[in-house]
There are 2 protein chains.
Amino acid sequence: MNKETLAIIGGGDAGMTTASWARRRKPHMNIIVFEKTNLISHAPCGLPYFIEGLFDDEKLLSAYTPEEFEKERNVNIRINHEIIELDLDNRVIYAKNRNNNDIIKLEYDYLAIATGSKPKKIKYDNESRIFYVHHPSLAREVKEKIMNLNNVAIIGGGILGVELAEALVRNGKNVLLIHKNAYLLNKMLDNDMASYINNYVSKDIKLKLNEEVLEITDGGRVIITNNGKYEVDGTIVSIGVEPNTELINDKNMIGETKAIKTDEYMRTSYKDVYAVGDVAESTNIITGMPDWQPFAPVAGKMGFTAGNHIGGVNYRFPGLIGTAITKYGEYFIAKTGLTENEAKKYGFKTISTIIRSNTRARYYPGGKEIIIKLIADENTQKLIGAQIIGQEEVLGRIDLLALAIMKSNTLYDLFYLEHAYMPAISRSWDPVILAARSLLTKF
Amino acid sequence: MNKETLAIIGGGDAGMTTASWARRRKPHMNIIVFEKTNLISHAPCGLPYFIEGLFDDEKLLSAYTPEEFEKERNVNIRINHEIIELDLDNRVIYAKNRNNNDIIKLEYDYLAIATGSKPKKIKYDNESRIFYVHHPSLAREVKEKIMNLNNVAIIGGGILGVELAEALVRNGKNVLLIHKNAYLLNKMLDNDMASYINNYVSKDIKLKLNEEVLEITDGGRVIITNNGKYEVDGTIVSIGVEPNTELINDKNMIGETKAIKTDEYMRTSYKDVYAVGDVAESTNIITGMPDWQPFAPVAGKMGFTAGNHIGGVNYRFPGLIGTAITKYGEYFIAKTGLTENEAKKYGFKTISTIIRSNTRARYYPGGKEIIIKLIADENTQKLIGAQIIGQEEVLGRIDLLALAIMKSNTLYDLFYLEHAYMPAISRSWDPVILAARSLLTKF
């Protein structure tokens with residue numbers, strides 16, 4: 001009997017996790033990963049901190065070198081290989097070695113598409129001083145170019161834009177941030193929560209909200225918006241990412257989020273073909289609608305699911321709710337589930353509250369303000385969204401609220417959580433519990 | 001029609017929360033709180049930090065003064081009043097004013113017993129240099145006496161003993177900690193987790209484990225154990241607390257934990273008589289057995305439940321799982337659910353793992369080690385216990401695990417939590433997720 005072959009396109013988190021778990025379940029399978037760049041298991045989330053200068057070794061942006069992974073997991077890794085054709089009907093892929101232009105033809109039994117996402121672009125003629133911060137393989141080059149500038153425009157005030165703004169401010173740059181929405185981080189926060197962040201960020205940077213970029217000229221040195229014209233030394237574009245589905249010819253595979261539709265085992269509409277990570281669409285647990293969350297924890301669990309399924313072990317991927325965390329200065333900013341805005345668009349009748357509290361007992365030194373917004377469905381009393389801004393213990397609290405949402409917990413369930421308390425790091429009425437109580441007792 | 005009367009015995013967290021919610025639900029009820037000391041809504045959890053000197057205003061140990069509470073909530077508060085007789089059959093209590101010895105007789109419609117807990121004592125003749133750290137009303141007096149000593153023994157290595165050890169070490173005292181168990185914090189941790197703490201604490205203090213105190217003589221200056229004789233300047237006894245049920249004559253009210261049995265609305269076996277807080281027993285959600293957890297968050301939610309029920313609004317108290325957090329030095333130490341030791345005693349077939357990881361991405365500065373133990377029921381794959389030791393983001397993670405246990409979540413549920421990730425405060429494979437994965441994939 002011939003050995004089965006698993007081909008994986010893309011060596012990011014999702015692809016490498018698929019490889020790891022398929023290997024663990026099927027020790028004798030052929031597993032081949034094709035990666036376009038020279039890095040695998042790379043972490044784009046670290047780029048703002050590399051640019052900020054918090055560490056200088058860009059190798060740290062990869063969890064493994066290709067050699068380490070090949071040796072530890074017995075997986076064949078082809079870096080610098082680009083897929084030039086994907087023939088799903090005949091189960092064949094063609095890859096080009098970017099070093100020597102050799103073409104490899106590979107017949108597979110299983111295929112995992114893990115091509116990730118790519119930055120959305122703005123059109124312009126000359127891009128000599130226009131930058132995208134997306135792939136660790138270009139980390140040093142982009143950093144050096146940006147650090148040569150003094151006045152930098154950032155287009156887009158989402159997570160990446162805000163993180164880059166901080167990185168540049170800490171390096172003494174003058175930052176102009178242009179955002180088309182009325183407030184920063186509008187996919188994470190409702191306006192009531194975002195106002196705290198807008199005020200805080202405005203102290204460091206020049207913030208232009210509600211402005212749409214019409215044109216970038218002079219190689220990135222002139223930006224024309226619907227409200228003004230700005231001259232800078234260069235421009236970073238961070239207006240979001242989109243699924244990288246260039247290889248997909250069959251448009252029936254693509255869902256309404258523009259990513260590849262998958263089922264609970266990360267299978268696409270082609271037999272034995274899986275999609276994982278930023279290129280994969282799943283279902284939102286709260287709305288039941290297609291959803292797309294291009295974040296590393298999702299990618300890892302999708303890879304785990306696909307790798308195990310290919311290996312004959314079935315774990316169902318439960319779907320998405322949308323959890324994210326970022327920071328600016330001293331503040332962590334986190335969300336899970338739907339914003340109230342989104343929830344209303346999906347037809348929920350929402351009830352919400354904002355609690356301003358503190359992270360420590362009133363008498364314990366060093367306590368920090370923490371602001372928590374909870375959003376519930378008025379019909380079911382289930383939690384459907386949460387937002388937190390605070391300086392400590394934001395991460396664990398947002399994860400707690402994410403679990404509550406994923407498991408359809410109600411305000412009652414959340415209020416009666418037997419939470420931990422000690423004066424040095426919490427309150428006997430934890431802010432989460434206070435927020436839950438505030439909503440629960442409105443019914 | 002006469003107004004209904006609610007009498008509450010004890011002005012701690014549980015009693016005052018009962019008063020607040022009964023008032024909110026029944027604006028015209030008579031509500032009278034009898035409190036033996038001169039403080040209400042006091043926070044004994046703050047005592048180690050008051051002794052350490054982290055704050056100097058002992059008024060901060062109370063959330064409200066009696067005057068504030070009376071004014072804000074329209075509740076009649078009788079401080080310095082001791083109950084001398086409780087006649088449950090005839091719905092009458094007799095209280096003595098400790099200032100002038102006047103006796104008040106009060107007939108009630110509803111009664112909430114919130115008499116709290118009291119420290120367990122060791123017998124000795126002369127207690128001139130033996131101290132208990134329990135009630136905020138004695139905070140300054142105890143602090144001054146202890147601070148006059150140089151060599152201090154602490155008997156008991158539970159939460160309070162460990163917190164006091166740190167408070168004294170930070171004040172330059174030589175601390176001898178005598179603990180009868182083989183390791184510190186043995187109600188929170190299994191031996192495998194406690195060993196990290198034992199080693200760390202031993203650097204600062206003289207630790208005597210597996211030693212039972214036989215006698216304390218010379219007013220607290222000589223301690224004789226089964227293994228030695230120690231001479232110190234004074235002794236703090238912190239060997240635990242027990243429910244304060246002195247007023248209860250009907251032993252049928254008392255459960256096997258020695259606290260007052262309650263149902264899901266905090267009702268005792270007497271009609272319209274409730275027990276809340278450290279004096280109340282409830283049911284463990286994991287084992288179904290009677291349980292007692294004398295911690296402030298539990299007390300508050302019991303008070304909420306009783307106050308609402310008296311006020312005609314029904315929220316069921318869901319029972320207990322046992323969540324706690326403490327700290328020593330840089331380390332927070334937390335647990336929820338059963339220890340593996342306990343779980344085995346209750347007949348569970350356990351499966352467990354310990355993950356040592358870090359709180360931040362490998363390239364982000366300032367990451368701290370975090371150690372997580374998860375314990376699951378091998379038969380159901382449900383999480384039944386968790387322990388964490390770490391320097392940041394311990395609180396939220398233990399609360400997350402507490403929610404998972406309370407809601408009977410499985411390892412699958414926990415692994416697939418869509419957790420938040422950013423390099424500055426987490427890992428794309430969060431340590432909690434790694435621990436869940438480690439157990440999930442053993443099946």
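**Figure 1. The largest nonpolar core and Leu374(B).** The largest nonpolar core of this predicted model holds 286 residues, and Leu374(A) and Leu374(B) have the most contacts inside it. A nonpolar core is a set of buried Ala, Val, Leu, Ile, Met, Phe, Trp, Tyr and Cys residues joined through side-chain atoms within 4.5 Å. Buried stands for under 20% relative accessible area, exposed for over 50%, and partly exposed for values in between (1.4 Å probe, protein chains only). Leaving aside residues up to four places away in sequence, Leu374(B) touches residues including Ile351(B), Leu383(B), Leu401(B), Leu414(B), Val432(B) and Leu439(B); contact means heavy atoms within 4.5 Å. This is a predicted model, in which local features need pLDDT of at least 70 and side-chain atom pairs count only at pLDDT 80 or more, while totals for chains, interfaces and linings use all residues. Residues are numbered from 1 along each chain as its sequence is written, chains are lettered from A and ligands numbered from 1 in the order in which they are written, and side-chain values use heavy atoms, with hydrogens and water left out.

**Figure 2. The contact between chain A and chain B.** Chain A gives 79 residues to the contact and chain B gives 79 residues. About 6,700 Å² is buried between the two chains, 66% of it on carbon and sulfur atoms; buried area is the accessible area (1.4 Å probe) that two parts lose on being put together, summed over both. Tyr363(A), Tyr416(A) and Glu418(A) supply 13% of the area that chain A buries against chain B, more than any other three residues. Between the chains, 29 residue pairs are in polar contact, both residues at pLDDT 80 or more. A polar contact is a pair of N or O atoms within 3.5 Å; within protein, one must be able to donate a hydrogen and the other to accept it, and residues adjacent in sequence count only if both atoms are side-chain atoms. Among the elements of chain A that give two or more residues to this side are helix H1 (13–25), helix H7 (296–310) and strand E22 (323–328). Helices (H or I, at least four residues) and strands (E, at least two) are DSSP runs, numbered from the N terminus. H9(A) gives the largest share of this side, ten residues.

**Figure 3. Lys301(B) against chain A.** Lys301(B) is part of helix H7 (residues 296–310) of chain B and is buried, at a relative accessible area of 2%. Apart from residues up to four places away in sequence, its contacts include Phe415(A), Tyr416(A), Leu417(A), Trp429(A) and Phe317(B). A polar atom of the Lys301(B) side chain lies 2.3 Å from the backbone oxygen of Leu417(A). The C-alpha atoms of Lys301(B) and Asp13(B) are separated by 9.6 Å, although these residues are 288 residues apart along the chain.

**Figure 4. Salt bridges between and within the chains.** Over all chains there are 42 salt bridges, and the count between chain A and chain B is two. A salt bridge is a side-chain nitrogen of Lys or Arg within 4 Å of a carboxyl oxygen of Asp or Glu. Lys407(A) forms one with Asp413(B), with the closest N and O atoms 2.6 Å apart. Within chain B, Arg397(B) and Asp430(B) form a salt bridge whose closest N and O atoms are 2.8 Å apart. Arg397(B) is in helix H9 (residues 395–406) and Asp430(B) in the loop between helix H10 (411–415) and helix H11 (431–440), 33 residues apart. Arg397(B) is buried at 1% relative accessibility, and Asp430(B) is buried with a relative accessible area of 1%.

**Figure 5. The salt-bridge network of chain A.** Salt bridges link Asp190(A), Asp192(A), Glu340(A), Lys344(A) and Lys373(A) in a network. Glu340(A) and Lys373(A) meet through their side chains at 2.9 Å, N to O. Glu340(A) sits in helix H8 (residues 340–345) and Lys373(A) in strand E25 (residues 369–377), 33 residues apart. Glu340(A) is buried, with a relative accessible area of 11%, and Lys373(A) is buried at 1%.

**Figure 6. Two loop residues of chain B with positive phi.** Most residues other than glycine have a negative phi. Asn101(B), not a glycine, has a positive phi of about 65° and is placed in the loop between strand E5 (92–97) and strand E6 (103–107). Asp218(B) has a positive phi near 55° and lies in the loop between strand E13 (213–217) and strand E14 (222–225). Asp218(B) is partly exposed, at 48% relative accessibility.
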